Amino acid sequence: MATVVSPVKTRPSIIVLLQEVQERYGYLPREEVARCARAAGISVAQAYGVASFYNFFKLSKPGKYPIRVCTGTACHVQGGQGLLERLRSELGIEPGETTPDGLFSLETVACLGACSMSPAMVVGDDVYGRVTPREIPRILARYRRRG
Amino acid sequence: MAQVLQIRPTAQQHRPRKVVAQPHFLVGAGTCGLAAGAEKVIQVLEAELAIRGTPAVIKRVGCMGMCKWEVMVDVWLPGRPRLSFGPVNEKNAKRLLHEYLDNGVVPGDMLLGVTPGYEEPPSLEEMEGRSITEEEWLTAPIQPGPNELPVVGRLPLLKDHPMMRHQLRIVLQNCGLIDPESLEEYLERGGYAGLQRALFELSPEQVIEEVTISGLRGRGGAGFPTGKKWALARQAKGSPKYVICNADEGDPGAFMDRSVLEGDPFRILEGMTISAYAIGASFGFIYVRAEYPLAVERLRKAIESAREHGLLGENILGTSFSFDIELKIGAGAFVCGEETALIASVEGKRGMPRPRPPYPAERGVFGCPTNINNVETYANIPDIVKRGGKWFASIGTEKSKGTKVFALSGKVRWSGLIEVPMGTSIRDIVFKIGGGIEGDRKFKAVQMGGPSGGCLPEALLDTPVDYDSLVAAGAIMGSGGMVVMDDTTCMVDVARFFLNFTREESCGQCTPCREGIARLYNLLEEITHRPGWNGGRLGAAKTAEERAALLEEIERLGRTIRDTSLCGLGQTAPSPVLSTLRYFRDEYMTHAVEARCPAGRCSDLLTYSIDEALCQGCAQCARSCPSGAIGGEKGKKYHINPDVCIRCALCLRVCNFGAVKAV
Amino acid sequence: MSETSLHANGVTSVSMVTIKVNGQVLRAPEGANLLTVLRQAGFSVPSLCYLEGLPGIGACRLCLVEIAGVPKLQTACTTAVRDGMEIYTNSARVREARREVLQLLLGDHPNECLFCQRSGDCELQALAAEYGVRQKQYEEMLRHFEPDLSSPALAYDPEKCVLCQRCVRVCSEVQEVNAISLVRRGIKTKVSPPFEMPWAESGCTFCGQCTVVCPTGALTEHDDTARVWQALNDPDRYVVAQIAPAVRVTMGEAWADSRGVSRDEIPEDFSERIVAGLKALGFRAVFDTQFSADLTIMEETHEFVERFKRGERLPIFTSCCPAWVRFVELYFPEQVEHLSSCKSPQGMLGALLKTYYAQKIGVDPARITVVSIMPCTAKKFEASRPELGRDGRPDVDIVLTSRELERLMAQAGIDPGKLEPQPFDSPLGESTGAGAIFGASGGVAEAALRTAYYLVSGKDPAPLEFEAVRGWDNLRTATITIDGTAVRCAVVSGLAGARRLLESGEYKQYDFVEVMACPGGCVDGGGQLRPEVKAARGLHAQKRAAGLYAIDQKKEIRLSHRNPAIQKVYAEFLGEPGSSTAHHLLHTHYQPQDAYELVAATREKEG
């Protein structure tokens with residue numbers, strides 16, 4: 001018991017490496033996950049398995065215009081789900097993801113506090129109330145034009 | 001090394017510090033104190049003291065646990081006792097300085113009591129010798145001011161405060177009293193005397209013996225005897241061995257561990273070091289949540305300081321025993337509170353539990369024998385070793401020894417962090433320490449153990465706080481969350497809340513937990529909504545009979561998940577449902593069969609109307625109604641058309657006159 | 001390298017104890033896995049996650065049993081046998097708990113049994129029947145995922161996945177490729193390549209071992225039977241087939257029952273019955289991959305002897321296993337130079353069929369459809385590689401696994417077990433014993449050694465058998481002395497062993513390294529018929545290998561260079577081994593691509 005025996009540590013823990021990346025970038029870029037995996041001596045699949053397990057890690061870069069769709073009670077009843085479905089298909093992403101062009105990211109929120117305008121969503125800083133799924137392409141086009 | 005020996009504590013050297021040379025201001029700056037504005041108070045103090053040119057010391061200390069009185073500031077003037085004040089804010093901080101520092105008059109409305117100088121936690125006998133009776137406290141004329149506390153003839157002691165007087169503080173003994181970043185203050189309070197006794201007077205086996213005699217059981221929830229756990233780890237073949245401190249406190253509404261880590265970090269290091277000596281480990285990890293940045297910071301500094309002074313590292317206190325500690329920051333997963341999941345996470349893997357046996361004592365982190373205890377368990381160790389297992393065993397009940405820390409919250413008058421001897425009744429905790437129910441409403445239940453625990457009804461208020469009684473009652477000791485509920489709480493809603501939590505936090509590995517909890521949640525969704533909601537997608541139950549049958553299904557599925565899940569998370573996840581179903585079945589029935597929520601919580605089951613006597617005709621409700629269900633004319637009475645109403649409860653929230661009723 | 005291989009039974013303790021199962025007394029090794037013990041003793045205990053030979057993980061919770069004195073039901077797969085244990089495997093409580101767990105799994109499984117590839121061969125379906133499930137308790141699916149059909153080799157339908165982790169564990173603990181893992185958590189948990197990227201673009205080697213262990217229709221071979229029908233029904237197409245060695249000792253398992261032959265015997269050579277079956281379906285000609293295995297030996301041994309003499313890029317790595325080739329390209333790109341430049345036997349035969357054979361029969365190669373019957377999923381990927389084709393057309397058009405062959409015959413209502421055997425077509429149908437043993441681990445090395453011996457010494461070896469390279473360990477080594485020159489050989493089966501050999505640098509000690517990606521070789525390939533669910537893994541493969549060695553034994557000619565058909569094709573068409581025609585048709589090149597870079601470079605969704 002004369003000396004401190006450090007843990008078997010030939011390779012750093014992937015969690016620690018990913019925490020550093022997240023700290024630096026605010027999310028986990030793919031090349032960085034691959035780099036960390038190599039440094040930790042594991043496959044990228046294993047590294048992604050770890051990264052996607054923990055809440056702390058963000059797997060995609062937030063879009064330039066984050067879209068937040070309200071799933072509060074009022075919006076739910078007024079067809080908020082329909083908005084979400086339409087956004088999913090228009091953008092080709094799931095909540096928590098970002099479009100390939102980096103323009104939009106999609107997330108759901110419990111309540112935007114805009115129940116009187118339900119169903120509601122926020123694109124960037126703009127609040128949209130009483131939105132119908134049909135209007136979605138027009139709204140998105142506005143931001144695409146802006147780039 | 002010379003430096004170490006110089007400050008090396010011995011039992012005789014502890015000298016309670018009775019006097020200070022210059023004014024000290026000790027500000028409660030745990031996470032809760034900070035949230036209450038501790039930094040602003042400190043700024044005011046600094047500015048004011050600078051104006052006066054008074055040399056003074058301002059320190060940030062941990063949390064006393066009296067949330068209602070945050071920000072707490074202890075003022076300790078030369079030649080005076082140390083006085084606790086609260087709640088202190090930017091405004092009254094100036095007055096505090098003016099009245100007390102400048103003029104020597106104690107502002108009675110802010111005074112909480114005299115904080116004793118450094119001393120050992122009292123024995124049970126000592127607890128009896130009060131300077132003031134509770135009767136006196138409660139009947140003395142209350143001075144004007146927000147804190148409802150009397151000042152009778154002489155200054156009261158803080159420990160006689162109604163919230164404090166029924167407490168016995170071992171784990172929390174230093175929290176809020178000492179500067180958590182000062183090793184010196186920890187040593188003054190008798191810190192490291194336990195480790196010293198262990199290293200110089202006891203063999204590892206004798207340390208385990210003391211812990212065994214103490215009767216200490218794991219404070220993380222399940223209550224496994226700590227001495228036995230250590231003995232298994234000591235006997236286990238394999239090296240190196242590890243100790244781990246589980247500081248991944250993830251229950252919503254629990255903050256016991258956080259307060260200890262923030263307020264008394266050296267205590268944890270000492271407890272772990274003793275454990276390492278006892279089991280023969282030379283390395284340890286503290287697995288702490290990333291959500292606790294202050295605790296991480298304090299631990300980091302404490303570890304550094306302990307290393308500098310030879311209390312961690314090679315040859316601790318000059319002996320041949322070596323031990324060091326590394327911090328592991330969690331990445332956000334409740335399931336990592338489960339010890340095998342925690343081990344996986346320390347190893348850098350997905351935090352998925354594995355079946356036991358083998359237990360971590362045989363095969364833990366990196367496949368090596370590992371002892372895992374939680375923060376509160378380790379926090380008890382220094383005093384057990386210092387004062388002997390027998391002393392500890394004299395506190396508590398036959399099978400549950402010592403004290404337990406609880407985070408008391410919910411509909412209670414005085415919420416906060418409390419520590420009571422095992423065996424204290426829940427009634428005493430809620431009504432004496434917690435001051436009863438807020439707003440004089442009716443007590444309904446107390447939830448213990450968070451997502452793994454259960455709800456106890458009024459009839460079980462006299463249940464003593466000990467492992468076995470609580471399990472028998474359908475709750476668990478848990479890590480110490482205690483949420484008090486009154487008659488405005490819907491028990492079905494509470495169960496659904498916790499299930500939503502465990503649903504999100506299930507690791508997804510085993511079938512019953514992954515699939516079952518999601519199904520159970522859906523069943524609760526079903527009975528907290530009107531029949532046919534969501535297009536009947538979740539189920540076909542429409543008739544009253546069919547909906548009543550859902551209760552049987554909930555119960556059966558709950559039992560399946562409990563009986564067949566792989567780890568503790570899954571096995572206990574149905575507890576919030578099963579225990580509420582056991583004690584509040586009528587409430588479930590009312591939801592399911594009558595589609596009604598008596599507590600008025602489940603908005604889809606309520607019927608909304610406007611009390612014309614109270615309506616002022618402001619049109620606020622009509623403007624906010626998303627479905628246009630509210631009609632009327634401005635300045636006159638408004639009314640709700642129930643056929644159009646979508647029960648979003650928005651009108652209820654916006655009405656300034658309480659005119660909207662939901663039943 | 002004495003790692004516990006998949007074929008070891010994991011029982012290390014020798015101390016026998018007495019346990020009681022359903023009242024019946026049983027002797028069992030102390031500490032042994034209870035599930036294995038129960039199954040071996042004939043007690044039926046279900047499990048979807050347990051894999052014989054690997055530690056139990058208790059994930060599916062179906063192997064719950066009651067143990068006297070233990071309050072909670074225990075998973076047998078994670079329980080070690082203790083003396084005096086009293087176990088109930090089938091009590092009402094146990095059955096009820098299993099039924100509940102099963103309902104939870106079924107509730108989140110699509111109602112697609114009618115259309116599912118695994119219908120009739122699905123472990124989940126079988127359990128539903130065994131537990132008398134006649135109604136779904138939970139109607140609504142909780143998970144919604146899209147299927148991944150990106151890869152030519154594998155098909156993945158995550159909604160059918162029961163998250164048993166068998167595939168992940170085979171990929172990590174057996175193969176150590178780690179191309180897939182569990183991702184996300186809770187109800188969103190899924191098995192997936194990194195970043196939930198398409199399978200085709202991932203670090204997968206397509207060995208297909210995952211498809212062998214998958215209990216449901218979640219992970220399967222990419223089904224190409226429809227393409228075969230399409231080709232057969234097209235009057236313009238000239239459809240021919242080739243049959244790999246391992247297939248002929250496997251298909252009896254599918255069709256044996258109809259002939260009343262026990263599965264336990266050493267399997268007979270089914271090749272001529274398969275030829276008959278394929279002819280009955282309308283194939284114009286059926287050739288033998290064993291022929292091109294002989295051809296591979298000619299080319300590869302020639303290359304080896306040349307490199308050996310010059311001491312160039314040694315050791316030579318065999319290149320007939322496409323999953324192994326992919327593995328080197330992805331994970332050891334710097335060692336690609338060691339791979340033999342020879343195409344695999346499938347590739348060589350494909351090339352000859354579209355050139356030499358096409359000329360011979362006077363058919364435009366564009367009209368010829370070559371269908372390979374392989375024990376392998378990676379062969380589908382291999383056939384899709386652009387290097388293995390000419391004029392923009394693949395040399396092999398369609399690859400069917402053994403499992404698809406079974407399906408194809410069933411679709412046609414043909415039981416080849418009942419058909420009169422028919423010989424392979426000439427001239428690409430004659431083979432030697434050396435070609436036959438290509439299907440078992442060590443077989444390529446042995447066949448090569450037989451011919452190398454001749455090439456170096458001018459004499460045939462005696463005896464012909466090189467026993468040292470046969471067997472079931474994942475690494476076998478032998479030094480063969482030919483005319484005073486020592487040739488150091490290593491034979492590896494399973495990619496885990498291959499990784500260790502390369503990572504440690506140990507490969508440098510050898511001159512000739514044979515690797516087959518699947519443990520045991522092609523006989524246990526990723527496209528092979530699945531063994532009985534509860535059988536000890538590996539045993540069936542050992543039997544199949546024994547079948548191949550029996551074929552070798554019975555062959556009159558057992559040396560590739562003595563194959564008259566081979567001699568003829570060289571005389572008529574190729575010239576000599578290593579000639580420029582041979583190089584053009586029978587050799588290939590590789591595409592080293594670091595797996596970390598490959599995966600990181602795939603287009604990020606978020607740009």
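Here come some questions and answers about a predicted model.

Q: What makes up the fold of chain A, in helices and strands?
A: Chain A has six helices and four strands. Going along the sequence, they come in the order α-α-α-β-α-α-β-β-β-α.

Q: What share of the residues of chain A count as buried, and what makes a residue buried?
A: Of the 147 residues in chain A, 47% count as buried. The label goes to residues with under 20% relative accessible area, so that 47% falls below this cut-off.

Q: What part of the accessible surface of chain A belongs to carbon and sulfur atoms?
A: That part is 50%, out of about 6800 Å² for chain A.

Q: How many cavities of 30 Å³ or more does the structure hold?
A: There are 16 of them. The second largest cavity has a volume of about 310 Å³.

Q: Which residues lie nearest the centre of the second largest cavity?
A: They are C:Cys320, C:Cys321, C:Pro375, C:Lys379 and C:Cys522, out of 25 lining residues. The elements giving two or more residues to that lining are α7 (245-248), α11 (322-331), α12 (345-361) and α13 (378-384) of chain C.

Q: How do the residues of that lining divide into nonpolar, polar and charged?
A: The lining of the second largest cavity has 19 nonpolar residues, five polar and one charged. Cys and Pro count as nonpolar, so C:Cys320 and C:Pro375 go into that group.

Methods. Residues numbered from 1 in each chain as written. Chains lettered and ligands numbered in written order. Predicted model: local features only at pLDDT ≥ 70, side-chain atom pairs only at ≥ 80, totals over all residues. Heavy atoms only, no water. Buried < 20%, exposed > 50% of the residue type's maximum accessible area, 1.4 Å probe, protein only. Areas by Shrake-Rupley, 256 points an atom, 1.4 Å probe, with all protein chains shown as cover. 1 Å grid on protein atoms, 1.4 Å probe; cavity = no way out; pocket = protein on both sides within 12 Å on 5 of 7 lines; lining within 4 Å. Points joined across faces, edges and corners; volume = space filled by probe spheres on them.
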